[in-house]
Amino acid sequence: MTRVLSDLPPTSGALILLGVLLSSSIFADAVASRTRLPRISLLVMVGVGVAVVQQLWLEAPDARPLNGLGEPLVQVALVMVAFLLGGELTLERLRLTGPLILIVSLSVIVVGALAVGLGLLALGFPLVVAVSLAAISVATDPAAVQETVHASGDTRLRARLLLGIVAIDDGWGIVVFGLAMSALGWTLTGAGGGERALLEAAWELGGAVMLGTLIGLPASWLTGRLAAGEPTQVEAIALILLLAGVSSWLGVSSLLAAMVTGVLVANLSRHHTRSFNEIEHIEWPFLVFFFVLSGASVDLYRLDEALGLTLAYILLRLAGRMLGGLLGVRLARERQADLPRNIGLALTPQAGVAMGMALLAAERFPEHGVALLSTVVGSTVVFEILGPVLVRRVLR
């Protein structure tokens with residue numbers, strides 16, 4: 001089997017694997033329709049199965065699926081999700097749910113980060129590991145939450161609130177991570193390291209806002225002219241690819257740039273009758289690649305190197321999200337009484353952004369790199385499988 005796969009040309013092998021991954025989504029849909037399991041969790045488990053076959057059976061621990069095609073596919077999927085989430089943040093909806101989004105998101109972020117950071121320090125883990133994982137814990141996977149809410153068909157306040165929170169969650173995550181790396185830089189390596197981390201975070205945020213504005217303003221006027229107020233599929237794909245490519249080139253947050261573009265298009269395009277619904281027709285195949293590859297990215301040979309740290313991080317993050325949600329709902333009770341007390345548990349999915357942060361932290365503090373990467377990759381699989389189940393439970 002190994003010989004057959006290695007003899008295939010790279011392009012042929014990648015195309016065959018793409019077909020197999022898309023076929024797995026049909027299997028996931030069939031199982032999900034007969035059980036209570038979300039199809040996202042099933043796709044992540046398919047990815048873990050790919051990792052098992054590749055690393056243990058084929059004995060190719062260093063190989064990665066799709067020969068480098070995985071990263072751009074994942075980035076396009078996340079940009080699509082961020083753009084659609086930005087489109088949810090219209091001025092009318094923000095007037096109704098904006099204060100609630102701010103209260104609940106800040107409560108979950110602050111309490112969750114403190115729970116992870118202080119908990120790991122109390123358990124005796126190094127300061128760098130505790131602070132880095134506390135900052136990484138803030139990030140939420142918008143794709144898992146958005147897809148689960150969309151599949152449920154729920155349009156109540158709690159569903160709109162979840163979409164609003166995950167739309168801004170990665171912005172908070174970048175800010176917290178930048179501040180954490182800056183604080184660690186000042187503490188361990190002097191002011192130079194801290195200033196560098198702060199400047200990188202400022203550019204990632206500020207550059208993303210500028211890029212989203214530069215693309216969003218003309219897009220809000222130009223799109224939807226060819227077909228009576230409905231942006232065409234070509235226009236939608238062009239915007240997504242521009243956002244993904246330019247943000248990667250400039251080194252800014254593609255999620256934040258896409259969200260800003262979505263907000264501008266949704267609020268400024270008065271001639272639109274359907275604001276880029278065409279994206280919804282094409283996003284699922286990309287999300288299939290994203291969720292399967294998230295599971296396939298786990299390094300099975302390194303999971304045992306930080307098993308205790310991984311278990312502690314998972315439990316502390318779950319506890320922090322739950323307590324933060326409880327606090328946020330209590331603070332928001334005067335504004336809205338129809339909020340689930342366990343809403344924080346619906347914000348547990350975690351994937352691409354968290355792994356990106358872990359890579360940056362490992363590069364900056366290489367002595368803790370293996371522990372950080374093993375913990376985040378291992379916990380990501382758990383959160384991607386468990387998270388959609390918790391989202392559905394909160395919505396029910």
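Helix 15 bends by about 30° at leucine 386, and a proline, proline 388, follows within four residues of that point. The model is a predicted one, and in it helix 15 covers residues 369–395, a run of 27 residues that reaches 37 Å from its first C-alpha to its last, close to the 39 Å expected at 1.5 Å a residue.

**Helix 13 against helix 15**

- The axes of helix 13, which spans residues 307–332, and of helix 15 come within 9 Å and cross at roughly 40°, and the two helices are therefore oblique to each other.
- The crossing of this pair, helix 13 and helix 15, is right-handed.
- On the side of helix 13 the contact is made by Leu309, Thr310, Tyr313, Ile314, Arg317 and Leu318, while helix 15 contributes Ala371, Ser374, Thr375, Gly378, Ser379, Val382, Phe383, Leu386 and Leu390.
- Divided by class, the residues of the contact between helix 13 and helix 15 are 9 nonpolar, 5 polar and 1 charged.

**Helix 7 against helix 15**

- Helix 7, made up of residues 142–152, packs on helix 15 at an angle of about 40°, with the two axes 10 Å apart, an arrangement that makes helix 7 oblique to helix 15.
- Helix 7 passes helix 15 in a right-handed crossing.
- The contact of helix 7 with helix 15 comprises 6 nonpolar, 2 polar and 2 charged residues.

**Helix 6 against helix 15**

- Helix 6, which runs over residues 127–136, packs with helix 15 at an angle of about 30°, and their axes lie 11 Å apart; the two helices are therefore roughly parallel to each other.
- The crossing in which helix 6 passes helix 15 is right-handed.
- In helix 6, Val129, Ser132, Leu133 and Ile136 meet Leu372, Thr375 and Val376 in helix 15, and by class this contact has 5 nonpolar, 2 polar and no charged residues.

How values were computed. Residues numbered from 1 in each chain as written. Predicted model: local features only at pLDDT ≥ 70, side-chain atom pairs only at ≥ 80, totals over all residues. Heavy atoms only, no water. Expected span 1.5 Å × (residues − 1). Bend = angle between axes of the 7 residues up to and from the residue. Axes fitted to C-alpha atoms, helices over the stretch in contact; angles between N-to-C directions. Parallel < 35°, antiparallel > 145°, perpendicular 65-115°, else oblique. Left-handed = near helix turned anticlockwise from the far one by under 90°. Contact = heavy atoms within 4.5 Å. Nonpolar A, V, L, I, M, F, W, Y, C, P; charged D, E, K, R; others polar.
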